[in-house]
Amino acid sequence: MKFFVTAAFAALAFASAASAESWPAEWSAPQAPFHIAGNTYYVGTRDLAVYLITSPKGDVLIDGALADTVPQIEKNIAALGFKLSNIKLIVNTHAHFDHAAGIARLKKDSGAKFDASAADRPILETGTISFGPTASTHYPPVKVDHVVRDGETVGVGDIKLTAHLTPGHTPGCTSWTWNETENGKTYRVIDICSVSVAGNPLVNNTAYPQIVDDYRASIAKLKAMHADVFLAPHAGFYDPQGKLAARKTGGPNPFVDPSTLQNFMAKAEAAFDTELARQQAAAKP
Ligand SMILES: [Zn+2]
């Protein structure tokens, strides 16, 4: 599973040195933008997902990738024929630097508002998280204009994104859902906030004592949800390259697959249990 390899690699890379040289090359490698479904497009790097959702009244951007990759994101948006200044709202899955470091500049360049959860707000507004493998990696802080609550719907024009707080990976980790219509069918899209452990301390985490309970509740919550289109902050979680190849052969949209969320969550839960057991065993005197 590429998803776990990527997560494990990232955790190892951060544990040794949190410098620009230590993160996976696919995080900053360029990726041509592509259509997912309805008015939803991928405008991120090879592995760091950034989603653009468009409407006649303005667009929404989810996540911002790295500070250094902002020019790539802006170029991708232009390549699709959309204007940066049409982005009226930016939201975030979680406040780790690989998804949030580019937001400050994207916000400035577009003039968009930025909405985020209360628990990730202090991380975003300081560019600093106090625990985990990215604790020494500071990024450009970004002001949160509006705090989203669990179940709240935000958006622009007829774009309606619902925030689902799924904490654990970060304290304010937020999964987003919205609807897209294509060929007369309406699909529920989810951009899941990560539920991987990715080097987070689960035992004796004084900065985030309820981390295990939060992960468990978020896993249960996501398992109970339905999505026709599964998206995530890392492309490696859902193999868009394979789907793009499949699309070339024609047939139904390969990004539509109502089984992906449940399959992903089953693997994510098993990986969480394994890592929790490993950390608990390692913490025993
Ligand atoms: Zn993360």
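Let us start with an open sheet of five strands, ordered E8-E9-E10-E11-E12 with mixed pairing. Its edges are strand E8 (153-156) and strand E12 (229-231); each has a single partner strand, so one side of each is left without a neighbour in the sheet. Ignoring direction, neighbouring strands of this sheet are turned by 25 degrees against each other on average.

Strands (E, at least two residues) and helices (H or I, at least four) are DSSP runs, numbered from the N terminus. Two strands pair if DSSP finds at least two bridges between them. Angles run from 0 to 180 degrees between N-to-C directions, with axes as lines fitted to C-alpha atoms, for helices over the stretch in contact.

This is a predicted model, where local features need pLDDT of at least 70, side-chain atom pairs count only at pLDDT 80 or more, and totals for chains, interfaces and linings use all residues. Residues are numbered from 1 along each chain as its sequence is written. The protein chain has a mean pLDDT (the predictor's confidence in each residue, from 0 to 100) of 93, and 93% of its residues reach 70 or more.

An open sheet of seven strands is also present, in the order E1-E2-E3-E4-E5-E6-E7, again with mixed pairing. Here strand E1 (34-37) and strand E7 (146-148) stand at the edges with a single partner strand each, so one side of each lacks a neighbour in the sheet. From one strand to the next, the twist averages 30 degrees. Helix H5 (residues 103-110) packs on this sheet and touches strand E4 (59-62), strand E5 (87-91) and E6; the direction of H5 makes about 165 degrees with that of E5.

The largest nonpolar core has 76 residues, and Val50, Tyr51, Val60, Leu61, Ile90, Val229 and Leu231 have the most contacts inside it. Such a core is a set of buried Ala, Val, Leu, Ile, Met, Phe, Trp, Tyr and Cys residues joined through C-beta atoms within 7 Å; buried means that 20 or more other C-beta atoms lie within 10 Å of a residue's own, placed from the backbone. Leaving aside neighbours within four places in sequence, Leu231 is in contact (C-beta atoms, placed from the backbone, within 7 Å) with residues including Ala49, Tyr51 and Tyr238.

Technical notes. A residue is buried if 20 or more other C-beta atoms lie within 10 Å of its own, exposed if 12 or fewer, and partly exposed in between; C-beta atoms are placed from the backbone. Two residues are in contact if their C-beta atoms, placed from the backbone, lie within 7 Å.
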